[in-house]
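Keep the model open as you read.

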Amino acid sequence: MKIPVTLNEMPFTFDTTPSEKLVSALRREKILSVKNSCNTKTCGGCYILLDDKVIASCHIPVGLVKNSKIITLEHFSKTEFYSDIIKGFDKAGISSCGYCNAGKVFLAYEIIKNISQPTREIISNYINHLNDCCVEKDTLVNGILYAYTIHHEKDKTRRNDK
């Protein structure tokens, strides 16, 4: 079955069965930032943005994403938002292992984008379901707070320049 989507800002059509998991279809298309690993939504390796919401692609059939917009870490890593997140992670001393990057980055993005004043507690609750992969939770919370500050300071500067 042909299932049209927008993949990393480009029109794309999956040719597969509607029940195939999205993670498998993306991997077949050489989207290597998407990992097929835990299948429990806790490692973060399969996370993507689906219509600008963070989802675990290991739990969604391709048939449900028809006409949706999918952004993977490959594409997102070219954005200024990603750069701000990585700067925050660097400041916190986070060095990514490559396995769970998508989960950490996309959850940071969702927090920064949707929560006006994230606290340590809010962020901890938000990321609590992630396995401790290569970063302790407190360190990840620090990285997200740094990224939030970096991103919003740039935003404030842009508004003041207008």
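The model is predicted: local features need pLDDT of at least 70, side-chain atom pairs count only at pLDDT 80 or more, and totals for chains, interfaces and linings use all residues. Residues are numbered from 1 along each chain, and side-chain values use heavy atoms, without hydrogens or water.

Helix α4 spans residues 101–114 and helix α5 spans residues 120–127. They pack at about 140°, with axes 11 Å apart. Leu107, Glu110 and Ile111 in α4 meet Ile123, Tyr126 and Ile127 in α5 (contact means heavy atoms within 4.5 Å). The residues of this contact comprise five nonpolar, no polar and one charged.

## Aromatic pairs

The whole structure holds six aromatic pairs (ring centres within 6.5 Å; planes under 30 degrees apart are stacked, over 60 edge-to-face, the rest tilted). Phe76 and Phe81 have ring centres 6.5 Å apart and planes at 35°, so their pair is tilted. Phe76 and Tyr109 form an edge-to-face pair, 5.1 Å centre to centre with 70° between the planes. Phe76 lies in helix α2 (residues 73–76) and Tyr109 in helix α4, so this pair ties together parts that are 33 residues apart in sequence.

## Buried rings

Is Phe76 buried or exposed? At 5% relative accessibility, Phe76 counts as buried (under 20%; exposed is over 50%, partly exposed in between, with a 1.4 Å probe and protein chains only). Tyr109, at 9%, counts as buried. Phe81 is buried too. Ring pairs link Phe76, Phe81, Tyr82, Phe106 and Tyr109 into a cluster.

Conventions. Axes fitted to C-alpha atoms, helices over the stretch in contact; angles between N-to-C directions. Helix = DSSP H or I, 4+ residues; strand = E, 2+ residues; numbered from the N terminus. Nonpolar A, V, L, I, M, F, W, Y, C, P; charged D, E, K, R; others polar.
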